[in-house]
Amino acid sequence: MTLATSFLFFAIHFASIGAGNSSEKFVKVECKEEYHGVYGQQSLLQCNVKAVQNVTISTVTWKRVEVDTLLLEYHQDTFNLIPGFEFAEPSWNKNNMNVSLLLTNTKMADKGVYECMVGTDRGYDKATTSLSVTAMYLTPTMSSIPETNIKENTDVTIFCNSTGGQQKGLIWWFDQFGSNRTRSAELVAKETGDGLFNLSSRFKVLKATSSSTNYTCKVLNVNGVEEGMASFVIQFAVPEIGSEAARLDSVSPTNWLAPVVVIGSLIIGLLVALLLFRKRSAQHFVSFLTGARRQSTFPLMSDHQTDTRHDRDVEAEGLNCDSPQDQHNSL
């Protein structure tokens, strides 16, 4: 029996049941109003049959209203399923009141309004629910040109690619120090046939050196929310002993700058200490000379005073003693 024939029979069957039970509704289908699915994952549309007494289900159909195509049909122990759609419970049978629909691999085209119709031996009912679908970007992949054995001071281009986003997103770049380098990158976004976007960004490192090798790219959706991140290390060549690269590396600023700073600091310290030592020595020498001069002055002054006193005594004796002529004249 084809889907169209089954659906026609189903409609006639429900009409006859409805006519016989127009005064009272014994069966009710209850579904949540809205569901949210994620691209590439399973989505569950839950619906359950509520009855005032035990009933046996004879028919179940699920369809998407926009296209009016049956996605799942059960009729009198016969199942007709479109690939990708099935009962949420694999062992479902006519006595199971859980008639939920499972989408095994959600696509962007699956968003829309769904209708579930259930027929039993006590009547029928139907209900609708809607499904929205979002898509997240996959974890980005990174590569570089050149790939390996990169020499110092070589320009390196790093690539960051991510797919599967629902809307055009962004890729941000960061170096190993956490600085945002996005302004120096180029981004290309392409829409695919299923309504998704692929992002590809490249960042060029000019004259790359082994002192900065790590770079990170982050994928953000249209709302600026991070959905993926990856890191990349530039693969520099290992310098051979005695090679020109090793020689250049040995004289690179990062190798000789630190020792020069240390040695320079030591020399400055020694010079300062020497100057202080000389200054103190000069002060001690001046003090010594001053003391010696003072000591040498005292004896000279003493001899002078002695000679002066001697002259004064001789002069006094001369005055006190008359010459022989003076003594004769006095007689």
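## A patch on the surface

L187 is found in strand β15, which covers residues 185–191; helices (H or I, at least four residues) and strands (E, at least two) are DSSP runs, numbered from the N terminus. The relative accessible area of L187 is 34%, so L187 is partly exposed. In these terms, buried means under 20% relative accessible area, exposed means over 50%, and partly exposed lies in between (1.4 Å probe, protein chains only).

Together with L170 and W172, L187 makes a nonpolar surface patch of about 250 Å². Patches are made of residues with over 30% relative accessible area and no salt bridge; like charges are joined within 9 Å, and nonpolar side chains (Val, Leu, Ile, Met, Phe, Trp, Tyr) within 5 Å.

## Basis of the model

This is a predicted model, in which local features need pLDDT of at least 70 and side-chain atom pairs count only at pLDDT 80 or more, while totals for chains, interfaces and linings use all residues. Residues are numbered from 1 along each chain as its sequence is written, and side-chain values use heavy atoms, with hydrogens and water left out.

## The whole protein

The protein has four helices and 18 strands. Of its 331 residues, 29% count as buried. Its accessible surface comes to about 21800 Å², and 56% of this belongs to carbon and sulfur atoms. Accessible areas come from the Shrake-Rupley method with a 1.4 Å probe; for residues, only the protein chains shown count as cover.

## A hairpin

Strands β17 (residues 214–220) and β18 (residues 226–233) pair in the antiparallel sense over seven bridges. Two strands pair if DSSP finds at least two bridges between them. Y215 has F232 in β18 as its bridge partner. Five residues lie between the two strands of this hairpin, and G224 in the turn has a positive phi of about 80 degrees.

## Salt bridges

The count comes to five salt bridges, where a salt bridge is a side-chain nitrogen of Lys or Arg within 4 Å of a carboxyl oxygen of Asp or Glu. K63 and D68 meet in one of them (2.8 Å, N to O). K63 is buried, with a relative accessible area of 14%, whereas D68, at 52%, counts as exposed.

K126 and E115 form another (4.0 Å, N to O). K126 lies in strand β11 and E115 in strand β10, so the pair ties together parts that are 11 residues apart in sequence. In R202 and E186, the closest N and O atoms are 3.2 Å apart. R202 lies in strand β16 (residues 197–208) and E186 in strand β15, so this pair ties together parts 16 residues apart in sequence. Salt bridges that share partners join K63, D68, E115 and K126 into one network.
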